[in-house]
Protein chains: 4
Amino acid sequence: MIIMKSEATQEEIENVVKEIEKYGLRADVSQGTYRTVIGLVGDESKVPFSRFAILPGVKEAMMVETPYKLISREYAKLSGEESQHRVVKVGDIEIGGSEPVFIAGPCAVESKAQLFKIAEGVKMAGAHILRGGIFKPRTSVHSFQGLGAGGQEEAEEALRWLQEAGNKFQMPVITEIRGEGQVDLVAGYVDVIQIGARNMYDQDLLTKVARKGKPILYKRHFGAGIEEFLSFAEYMVAEENRDIILCERGILPLGKGRSYTRYTLDLAAVPAIQKETYLPVIVDPSHATGRRDLVFDLSCAGIAVGASGLIIEVHYNPVEALVDGQQMITPDELKDVISTCRRVHKAIGPRRNDN
Amino acid sequence: MIIMKSEATQEEIENVVKEIEKYGLRADVSQGTYRTVIGLVGDESKVPFSRFAILPGVKEAMMVETPYKLISREYAKLSGEESQHRVVKVGDIEIGGSEPVFIAGPCAVESKAQLFKIAEGVKMAGAHILRGGIFKPRTSVHSFQGLGAGGQEEAEEALRWLQEAGNKFQMPVITEIRGEGQVDLVAGYVDVIQIGARNMYDQDLLTKVARKGKPILYKRHFGAGIEEFLSFAEYMVAEENRDIILCERGILPLGKGRSYTRYTLDLAAVPAIQKETYLPVIVDPSHATGRRDLVFDLSCAGIAVGASGLIIEVHYNPVEALVDGQQMITPDELKDVISTCRRVHKAIGPRRNDN
Amino acid sequence: MIIMKSEATQEEIENVVKEIEKYGLRADVSQGTYRTVIGLVGDESKVPFSRFAILPGVKEAMMVETPYKLISREYAKLSGEESQHRVVKVGDIEIGGSEPVFIAGPCAVESKAQLFKIAEGVKMAGAHILRGGIFKPRTSVHSFQGLGAGGQEEAEEALRWLQEAGNKFQMPVITEIRGEGQVDLVAGYVDVIQIGARNMYDQDLLTKVARKGKPILYKRHFGAGIEEFLSFAEYMVAEENRDIILCERGILPLGKGRSYTRYTLDLAAVPAIQKETYLPVIVDPSHATGRRDLVFDLSCAGIAVGASGLIIEVHYNPVEALVDGQQMITPDELKDVISTCRRVHKAIGPRRNDN
Amino acid sequence: MIIMKSEATQEEIENVVKEIEKYGLRADVSQGTYRTVIGLVGDESKVPFSRFAILPGVKEAMMVETPYKLISREYAKLSGEESQHRVVKVGDIEIGGSEPVFIAGPCAVESKAQLFKIAEGVKMAGAHILRGGIFKPRTSVHSFQGLGAGGQEEAEEALRWLQEAGNKFQMPVITEIRGEGQVDLVAGYVDVIQIGARNMYDQDLLTKVARKGKPILYKRHFGAGIEEFLSFAEYMVAEENRDIILCERGILPLGKGRSYTRYTLDLAAVPAIQKETYLPVIVDPSHATGRRDLVFDLSCAGIAVGASGLIIEVHYNPVEALVDGQQMITPDELKDVISTCRRVHKAIGPRRNDN
C-alpha cells in the first residue's frame with residue numbers, strides 16, 4: 001500500500017501507478033479527503049517496496065501481505081495445504097502433539113562421566129530429549145568455549161558421547177551448532193540440530209543446516225521481533241525442510257538499574273506465533289531468566305501459555321558447572337518441574353479453537 | 001563501592017577515602033592486581049554517589065545496597081519486621097492470600113446501564129472486585145477521555161454508579177486516577193485507587209494518593225525496570241501506606257516489523273519482584289497484549305507464574321466499546337478464564353519455600 | 001485502513017463497510033489477489049479503530065492519517081496556516097530562529113549564593129536562558145528532592161532567587177514543574193515552564209500548564225516513540241498554546257552489560273521531528289549521557305544535526321553539587337561548548353529546503 | 001566482587017573465600033553494616049563468575065575488570081603498550097588519523113556499468129574508499145540477495161568488477177561477507193572486509209576473517225550493548241589482527257507507533273567507545289536512518305561527535321536501486337555531505353586531551 005502526501009500532485013499519483021504496473025501488479029487508487037492511498041493488487045513480494053518510498057509525492061510505502069508465506073497458516077489455508085499445527089517427529093517423540101515435550105541436559109558437555117550422570121538424571125525425571133552443548137557461543141574470547149573448541153577430534157569425541165548417552169538412556173539428542181564449519185560433523189551424530197539465538201540471522205547457516213533434512217530447533221534472537229523471526233525461519237522452509245521447532249528464549253531486558261532477569265521472556269509470543277504459523281513453539285526458561293530460582297515458575301507459565309514443550313538446563317551440581325551454573329537446576333528439581341507442568345497442561349485442557 | 005582507574009595515584013585514592021569519611025562512613029580499601037576498589041561501610045543512602053563518580057582517578061561508583069529498603073524483604077528480616085508476603089485486604093477480599101483474586105469490568109464506564117450489565121456479568125463469572133475507568137489516559141487528545149472528562153458533576157455521577165454497582169453486586173470497586181485533581185474526589189467513592197502505568201513516575205501524585213490510606217493498585221510503567229518500579233513504590237510506603245498491590249502490565253515491545261502484541265508482558269518480573277519485596281503482585285493481560293484472543297492464554301500463564309491475581313477488561317459486546325474494544329473479553333469468556341486459572345492454581349500447589 | 005483476512009466472507013466485508021458508514025465515512029473496497037483492503041474516506045479521527053480490529057474477518061485496522069494534526073506541518077499546509085518552523089519568543093530570545101540558543105544553569109538550586117555564582121558564570125560563557133531546578137524528580141524517596149520539597153515558603157524563596165538572578169544577569173529563566181500543585185506558583189516567577197521527561201504522559205498536567213499561556217519546554221519521555229511524543233504535545237496546542245519547545249533528552253539504553261551512557265541520545269529524532277511539525281526542537285546532552293566528559297561531543301553533534309538549541313547543566317564545582325554532579329560541566333567548559341557550537345552551526349550553513 | 005546477602009552466615013562467607021582461593025586469587029573480605037562484600041584480588045578472567053552467584057549466601061557476583069582487555073586503552077597503558085588511538089592503514093588511507101575518511105558506493109552491486117558509474121561519482125565527490133555489496137543479508141528469502149547469490153562464478157565476477165573499479169578510480173575497496181563460505185574468496189579481491197551487524201555475534205566467522213590479516217570493518221549489532229560489542233571485537237584481536245575499524249550503525253528503535261527512522265543512531269557511543277579502546281570508530285548514517293533525507297544531518301552529527309569517518313550508500317538514481325533505494329543519496333548530494341563534514345571537522349578543531 002502506498003500512502004501519498006496530502007500535497008501530492010495528480011502527476012505524482014499517476015507516476016506511482018505506472019511504477020506499480022511495471023511489476024505486473026494492478027494499482028487501486030483511493031482518493032480520500034486528505035490524501036490518496038494506492039493499493040497494490042497482485043503478488044506484493046515481487047515489488048521492492050523501498051523504491052516506492054522515495055518516489056515523488058509518496059509519504060509511506062508498506063507491505064500489506066505477510067512476508068513469511070511458506071510457514072503462514074493463512075496462506076496454507078488459501079492453497080489448500082496443511083494449515084493445522086504441524087507435529088515435528090523426532091524418533092517416537094512428537095513436538096507439537098497433544099503432550100508437552102521436555103528437553104533437558106547440561107549447558108556444556110564437560111566430560112563423559114558428567115554427561116552420562118546428567119543424562120541418567122534427566123531421563124529419570126521424565127525428560128524426552130537430551131541436550132548437551134559442545135560448541136558454546138560465548139561473549140568473551142577468554143571464557144570456556146566448549147569441548148568442540150579443542151579441535152575436530154575432541155569435538156567428535158564429545159559428539160560420540162552424546163550419541164552414546166542418547167542410546168543408553170533412550171532419548172534422541174540435540175546440540176547447538178555455532179558456525180558453518182560444524183554442520184556436516186554435527187549432523188552425523190544428533191537427532192535435532194539447534195541454531196542458537198545469536199545465529200538467528202545467519203542466513204547462510206540456516207540454509208546449510210536446513211539442507212541436512214533433520215529437525216531443527218530454532219531460537220529467536222534477543223533483539224528480533226516476531227515478524228523478523230518468522231521471516232528468517234522461512235529461509236529453512238524454502239529449502240523444503242518443514243521440521244522446524246521455534247523457541248522463545250527471551251528478549252533484551254528494558255529499563256534502567258539492575259536487571260533482575262538475564263532476558264525478558266516474551267511468553268505472549270508463544271500464542272501469537274501459533275496463530276501465525278503451523279510450526280510448533282517451545283520455551284527456554286533457563287537462558288531467559290538466567291536464574292535457577294525462577295526456572296520452576298517460568299516453566300509452569302510456559303506450559304500454561306500453550307507452548308509445545310520446554311528446553312531446560314540441568315546439572316547434578318550447578319556450582320561445579322563450567323558454564324552458566326547460575327541457571328541450571330538439578331535432576332530432582334527437573335522432576336518437580338515436569339510433573340507440575342503436566343498437571344498444569346491437564347488443568348488447561350485441550351486448546352480451544354485453532355484460530 | 002568505588003572502583004578506581006588502574007592508573008589512579010595514591011593521592012587520588014586517599015582523597016576518595018577522605019570524601020567517604022565526610023559522610024560519616026568508613027572506607028575499606030582493597031588493593032588489587034590491576035586496580036583499587038574502595039568499599040563504603042555504613043549507610044550508603046546518605047551518600048550522593050554521583051559525586052564520587054567524578055572524583056579524580058575514579059572509574060565507577062555504584063551502590064551495593066538496595067534502594068528500596070522500606071519494601072524490601074531482606075531489610076524487613078534484618079529489622080525483625082514483617083518479611084513474609086503481605087496480604088492486602090479490600091473488604092473481605094485478600095490480595096496476596098492463598099487464592100488468586102480476579103478484578104474485572106469495563107475499560108471505560110460509558111453509561112449506568114452498561115456498567116451494571118457488565119458488573120452483573122463479571123460477578124456471575126466469579127470476579128471479586130469491579131473495575132471501571134472514569135478518567136481515561138489516552139494518547140490522542142482527539143479520543144474519548146472517559147466520562148470524567150465531562151467535568152466534576154459527570155465524574156461524580158459516574159463514580160456514584162460505580163459505588164452503587166459495587167454495592168448491588170457485592171464487589172469492592174476500583175478506578176484509576178490520572179491527575180492530582182482527582183484524588184480527593186475518587187477517594188470518596190472507591191475501595192482501591194489505581195495509579196496507571198503512565199503515572200508511575202509521578203511522585204507528587206503517589207504521595208498524595210498514599211496519604212488517603214486506601215489500598216492502591218500500582219502499575220509498572222512500560223519503560224521502567226524493576227528496580228525503578230520498586231524505588232517509586234517506596235514513595236507510597238514512605239507515607240506509611242503499605243497496602244500497595246503491584247501490577248505487571250507489559251513493557252515496550254522490541255524488534256522491527258509489525259508488533260503482534262501491544263506490549264511485552266514480563267511474567268518473569270512477577271516471581272522476581274516477589275523475591276525482593278513482601279508486596280503482592282498481580283498481572284494485567286488485557287493491556288499487555290491488547291488482543292482479546294490472547295487474554296485466556298496470558299491469564300493462565302500469569303497465575304502459573306505465581307501472581308496473586310489478575311485484572312481483566314470485560315464487555316458484553318466488545319465491538320460496541322468506546323475504548324479498547326479489541327482487548328476486552330465477554331463475561332462468558334471471563335468465566336472460562338477464572339475457572340481454568342483456578343485449576344492451574346491448584347495444579348501448581350502451594351508455592352515452595354518463601355525465598 | 002482495514003485489512004481483511006484472506007478467508008473473510010463477502011458478508012464480513014459488507015459488515016465492515018456498514019460499520020464505517022455508521023461514523024459518516026465512506027468505505028473504499030479494494031479486492032486484491034489474496035485479500036480485501038478497505039480504505040476509510042473522511043475524517044479518520046472520528047473512528048475508534050480498535051473496534052474495527054475485532055470485527056469478524058478483520059486482520060488488521062490502522063490509521064493512515066497523522067494523529068497530531070494541530071502541530072503537523074502537512075496539515076498546516078493543507079489549511080493554509082503557518083507551516084514553516086515556528087519561532088518561540090522568550091523576551092528577546094528566539095528559539096527556532098536563525099541562531100542556536102543555549103540554556104544553562106545548575107541541575108538543582110542549592111542556595112542563593114550558588115545560583116548567582118553559576119548564573120554569572122553561564123552568562124559570561126554566552127548562555128541565553130538560565131535554568132535552575134527547584135522541584136527535582138528523583139528515583140529514590142531517600143534522595144534530595146530540591147529546595148521546593150521544603151514547603152511553599154522555601155519553594156517561593158528559591159523561585160524568587162531564580163527571578164532575581166535572571167534580572168541581574170539579564171536572562172529569562174526556566175524551571176521544571178513536577179506536579180499540578182506547582183503550576184500556579186511557578187508560573188508567577190518564570191519565563192518558560194519545563195515539563196520533564198517523566199511527566200510527558202501527564203495529560204492533566206499538560207493541559208493545566210498550557211493554559212498559563214507561557215512558553216513550555218517539553219521533554220520526550222525515555223520510553224516514548226516520536227509519534228507518541230508529538231501526540232501528547234498536541235494536548236497543549238489543543239489549549240491554544242503554540243509556544244512549545246520540544247526537547248530530545250535520550251531514550252532507554254539497549255543491550256546487555258554495563259551502560260556507558262545514562263540514556264541513548266536519539267539525535268536523528270531532531271530532523272525527523274522537524275519534518276513532521278513546525279515546533280522547534282532542542283537537545284539536552286547532560287541528562288542524555290549523564291557524563292560530563294561527553295557533553296562537549298554531544299553538544300556539537302546536537303547543533304550539527306540541526307537542533308535549535310541546547311540545555312546544559314553547569315556548576316562551578318561539579319564535585320560539590322547535591323544532584324547529578326557527574327553530568328555537570330563548568331562555566332569555562334560551557335564557554336568552549338558554546339563557541340565551538342557556533343562555529344559548527346556556521347560550518348553547516350543555512351538549513352536546506354524546508355521539507 | 002561478591003556481594004553477600006545480609007543474612008549470610010560466617011560459614012557461607014568462608015566458603016566463598018575458599019572457592020576464590022581455588023582459582024589462585026586472593027579474597028578481600030569487607031564487613032559492612034548490612035552485609036559483607038568480598039573482593040577478588042588477581043586475574044578475574046580465570047574465574048567463572050556464574051558459579052559464585054549460586055553459592056549459598058551470595059546475593060550478587062560481578063566482574064570489576066573490563067572483559068575486553070586486548071583492545072582496552074587502560075590495559076594498554078598498564079602494559080606499556082600502544083594506548084593512543086590506533087590508525088588503521090588501507091593503502092594510503094588512514095582511518096583514525098587527523099582527517100575523516102569517507103567510504104561510499106552502492107548498497108548492492110547490480111552490474112558492471114552501475115558500479116563503475118557510481119564509483120566515478122563517489123570519487124569525484126571526494127570519497128576515499130569504494131563500497132559495494134555482493135552478498136546481501138536480507139530479512140526475506142524472497143528478496144534480491146545480491147549477485148553473490150548466483151553462485152561462485154557470478155560472485156567472483158562481481159568481485160572482479162569491484163577490484164577493477166577500485167583500480168580505475170584509485171580507491172581501496174570493501175565488501176561485506178555474510179558467511180564463512182565467502183571468506184577465502186572475498187579476501188582475494190578486497191582491501192577491507194566488512195562484517196555486518198547481523199553477523200556481529202558470529203565468533204567462528206570473526207576468527208576466520210581475522211586470520212586473513214586484512215583490515216576489518218566491524219559493525220555493532222542493533223541489539224548489542226557497547227560492552228558486548230567490544231567483547232566480540234576482542235575475538236579478532238585475539239587472532240593478532242588489530243586492524244579493526246568499529247562502526248556504529250544504529251540500534252533498535254524504541255517506543256510505540258510509527259518508527260520515523262529505521263534504527264536509532266547511538267552517536268554517544270562514538271566518544272564512549274573511543275574512551276574505552278584505541279580502535280577507530282566510524283558511523284553509518286544510511287542504514288541507521290533508512291532515509292535519504294536524513295543522511296546529510298546525521299553525517300554532520302557523526303563527524304561533530306568525533307567519528308573517524310562515515311560509510312554512506314550512494315546511487316546515481318536511488319529510485320532504480322534494487323536494494324535499499326530509500327536510503328541512498330546521489331553523488332552530488334555526497335559531495336555536499338563531504339565538503340560540509342570537512343568544515344564541521346575543522347570547526348571543532350583537534351580533539352582535546354586523549355581520555
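This is a predicted model: local features need pLDDT of at least 70, side-chain atom pairs count only at pLDDT 80 or more; totals for chains, interfaces and linings use all residues.
## Where chains A and B meet

Let's start with the contact between these two chains. Chain A brings 48 residues to the contact, and chain B brings 48 residues as well. Together they bury an area of about 3700 Å², with carbon and sulfur atoms giving 60% of that area.

How many salt bridges are there between chain B and chain A? The count is two. In one pairing, R258(B) forms a salt bridge with E227(A), and their closest N and O atoms are 2.8 Å apart. Between chain B and chain A there are also ten residue pairs in polar contact, counting pairs with both residues at pLDDT 80 or more.

Now look at chain B's side of the contact. The elements of chain B that each give two or more residues to it are α8 (226-237), α9 (269-276), α11 (295-304) and α12 (331-348). By class, the residues on this side are 25 nonpolar, 15 charged and eight polar.

## Empty space inside

Rolling a probe the size of a water molecule over the atoms shows where empty space is left. Here the count comes to ten cavities of 30 Å³ or more, and the largest cavity has a volume of about 370 Å³.

Which residues lie nearest the centre of the largest cavity? They are M1(A), V37(A), G39(A), M1(C) and V37(C), out of 32 residues in the lining. The elements that give two or more residues to this lining are β2 (26-31) and β3 (36-41) of chain A, along with β2 (26-31) and β3 (36-41) of chain C. β3(A) gives the most, with five residues. Sorted by class, the lining of the largest cavity has 13 nonpolar, eleven polar and eight charged residues.

How values were computed. Residues are numbered from 1 along each chain as its sequence is written. Chains are lettered from A and ligands numbered from 1 in the order in which they are written. Side-chain values use heavy atoms; hydrogens and water are left out. Contact means heavy atoms within 4.5 Å. Buried area is the accessible area (1.4 Å probe) that two parts lose on being put together, summed over both. A salt bridge is a side-chain nitrogen of Lys or Arg within 4 Å of a carboxyl oxygen of Asp or Glu. A polar contact is a pair of N or O atoms within 3.5 Å; within protein, one must be able to donate a hydrogen and the other to accept it, and residues adjacent in sequence count only if both atoms are side-chain atoms. Helices (H or I, at least four residues) and strands (E, at least two) are DSSP runs, numbered from the N terminus. Ala, Val, Leu, Ile, Met, Phe, Trp, Tyr, Cys and Pro count as nonpolar, Asp, Glu, Lys and Arg as charged, and the others, Gly among them, as polar. On a 1 Å grid over the protein atoms alone, a cavity is a set of points where a 1.4 Å probe fits but cannot get out, and a pocket is an open set with protein on both sides within 12 Å along at least five of seven lines; lining residues have an atom within 4 Å of a point. Grid points are joined across faces, edges and corners, and a volume is the space filled by probe spheres set on the points.
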